[in-house]
Amino acid sequence: MDIVPIPAFADNYIWMLVDSASADPSGPRACVVVDPGEAAPVEATLLRENLTLNAILITHHHADHTGGIAALTQHRNIPVYGPATEAIAGVTHALVEGDEVSLDSVRSKHGEVCKLRVMEIPGHTRGHIAYVGDGFVLCGDTLFAAGCGRLFEGTPAQMHASLQRLAALPPETLVYCTHEYTLSNLKFALSVEPDNDALVTRSFDDRATRGQGAPTVPTTIARELATNPFLRCDQSGIRAQAERHAGTSLHNVVDVFASIRAQKDVFH
Ligand code: ZN
Ligand code: FE
């Protein structure tokens, strides 16, 4: 299976999971899209690459993740998977923690069907879910490269717990988030942790990547653990920065997380 980005809006990626095991290499290949905020770039890609859309996966209810569902399903009878606890027009399969989604038409080169496990990761929205596959995670607007989603509906404690669950995935796990926010996230991360060598190196690398017009996503859990301040609230340097900013001592990692998340909200 290949996972490729379809750029949408200013900075969204609609991830496309493409079958690698088609018997007829010249025939149309099956694919699945994740969080299609708009339909037009998806339709253009299907046409250009000779692909058949077989399912849609949704991580949460925001319009920039769901806006394309109606148009994409108007002339297709395909399953649309999404979180059970959010009202999303067009979702046909409501998912909860631990559910498995079997994408029968999307297979590896060796013919193994793509199976995804559902993880509930509230915080950005109350019902946000992630799809965990073999070696990768589709995590919507929860964990970003060098950052995390805003707390629109959930509490800092919920978001922190959700990020910790993602952080506990194997370090080599590829992280497919929905936005290319990496460079601005890195600027903020450096303001929190200026002496983190891994972060300084990453900033050079990711700026070079963007300079060539390439995506900085996917990232990996290992890279995020080393450089993402929102996964590093237990580090003394980050705690000290958060305490300086709060003007008081902070007694647990959730308070540190809440402080740096609040700082990021007003960071330019
Ligand atoms: Zn969102
Ligand atoms: Fe979004």
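1. In what follows, Lys and Arg count as positive and Asp and Glu as negative, while His and the chain ends are not counted; each charge is placed at NZ of Lys, CZ of Arg, CG of Asp or CD of Glu. This is a predicted model, in which local features need pLDDT of at least 70 and side-chain atom pairs count only at pLDDT 80 or more, whereas totals for chains, interfaces and linings use all residues. Residues are numbered from 1 along each chain as its sequence is written, and side-chain values use heavy atoms, with hydrogens and water left out. On that basis the protein chain carries 20 positive and 31 negative side chains, the centres of the two sets lying 4 Å apart.

2. As to overall form, the C-alpha trace of the protein chain spans about 60 × 40 × 30 Å along its principal axes.

3. Of the 268 residues, 50% count as buried, meaning under 20% relative accessible area with a 1.4 Å probe, protein chains only.

4. A nonpolar core is here a set of buried Ala, Val, Leu, Ile, Met, Phe, Trp, Tyr and Cys residues joined through side-chain atoms within 4.5 Å. The largest has 50 residues, among which Leu103 and Tyr131 touch the most other members. A second, separate core of 19 residues includes Ala8, Leu51, Ile58 and Leu72.

5. Leaving aside neighbours within four places in sequence, Leu103 is in contact (heavy atoms within 4.5 Å) with residues including Leu17, Val32, Tyr81 and Cys114.

Definitions and conventions. Chains are lettered from A and ligands numbered from 1 in the order in which they are written.
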